[in-house]
Amino acid sequence: MKVTPVLVTRGNVDLSEILKSYNNEHWVRSAAERIEWTDIVIWDNSKMLNFGPFGQYVAATAGDCADVVIFQDDDCVTDPAAIVAEWEPGKIVCNMAPEFRAN
């Protein structure tokens with residue numbers, strides 16, 4: 001399955017750890033081996049129109065994205081392959097704690 005990572009940033013954050021999380025060797029033997037990552041789409045609010053977190057949705061429509069998109073903030077390093085492995089059509093997968101999801 002092709003998946004496009006979309007990252008929104010304020011522009012003053014080091015993205016190296018996040019970008020490395022999309023090229024992690026431990027996924028080779030996991031369910032994530034069925035994931036084909038496309039090029040990451042980055043919306044930099046300091047260089048483009050500042051849409052805040054909504055910039056990820058603008059980036060997803062402006063970029064050449066796959067049918068499956070994973071959104072990534074600039075202040076959180078996750079295991080994107082584990083998140084995508086839980087996805088199925090019609091399902092939104094979120095790594096946010098339940099008490100914060102309503103916001």
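In the predicted model, Ala66 counts as buried, with a relative accessibility of 17%. This value falls in the buried class because the class covers residues under 20% relative accessible area. Ala66 is found in the loop that runs between H2 and S4. Leaving out residues up to four places away in sequence, Ala66 touches Lys2, Val3, Thr4 and Thr38.

Met48 is located in the loop between S3 and H2. Its relative accessible area is 38%, so Met48 is partly exposed. Not counting residues up to four places away in sequence, Met48 touches Ile42 and Trp43. A C-alpha separation of 9.8 Å was computed between Met48 and Gly11, which are 37 residues apart along the chain. Asp14 has its place in the loop between S1 and helix H1 (16–20). With a relative accessibility of 62%, Asp14 counts as exposed. The C-alpha atoms of Asp14 and Asp75 are separated by 9.2 Å, although the two residues are 61 apart along the chain.

The chain contains four helices and four strands. Read from the N terminus, these elements follow the order β-α-β-β-α-β-α-α. Of the 103 residues in the chain, 33% are buried. The accessible surface amounts to about 6900 Å², and carbon and sulfur atoms account for 53% of this area. Among contacts between residues at least 6 apart in sequence, 72% join residues at least 24 apart.

In soluble globular proteins, nonpolar side chains tend to be buried together. The largest nonpolar core of this chain comprises eleven residues, namely Val3, Leu7, Leu15, Ile18, Tyr22, Ile35, Val68, Ile70, Ala81, Ile83 and Val84. At least two residues of this core come from each of strand S1 (2–9), strand S4 (68–73) and helix H3 (80–85). H3 gives the most, with three residues. Another core, of seven residues, lies apart from this one and includes Val6, Val41, Trp43 and Ala60. Ile18, a member of the largest core, is in contact with Leu7, Gln72, Asp73, Asp74, Asp75, Cys76 and Val77 when neighbours within four places in sequence are left aside.

Helix H2 spans residues 55–62, and Gly55, Gln56, Val58, Ala59 and Ala60 are buried in this helix. The buried residues of H2 pack against S1, strand S3 (41–44) and S4.

Note on methods:
Residues numbered from 1 in each chain as written. Predicted model: local features only at pLDDT ≥ 70, side-chain atom pairs only at ≥ 80, totals over all residues. Heavy atoms only, no water. Core = buried A, V, L, I, M, F, W, Y, C linked by side-chain atoms within 4.5 Å. Buried < 20%, exposed > 50% of the residue type's maximum accessible area, 1.4 Å probe, protein only. Contact = heavy atoms within 4.5 Å. Areas by Shrake-Rupley, 256 points an atom, 1.4 Å probe, with all protein chains shown as cover.
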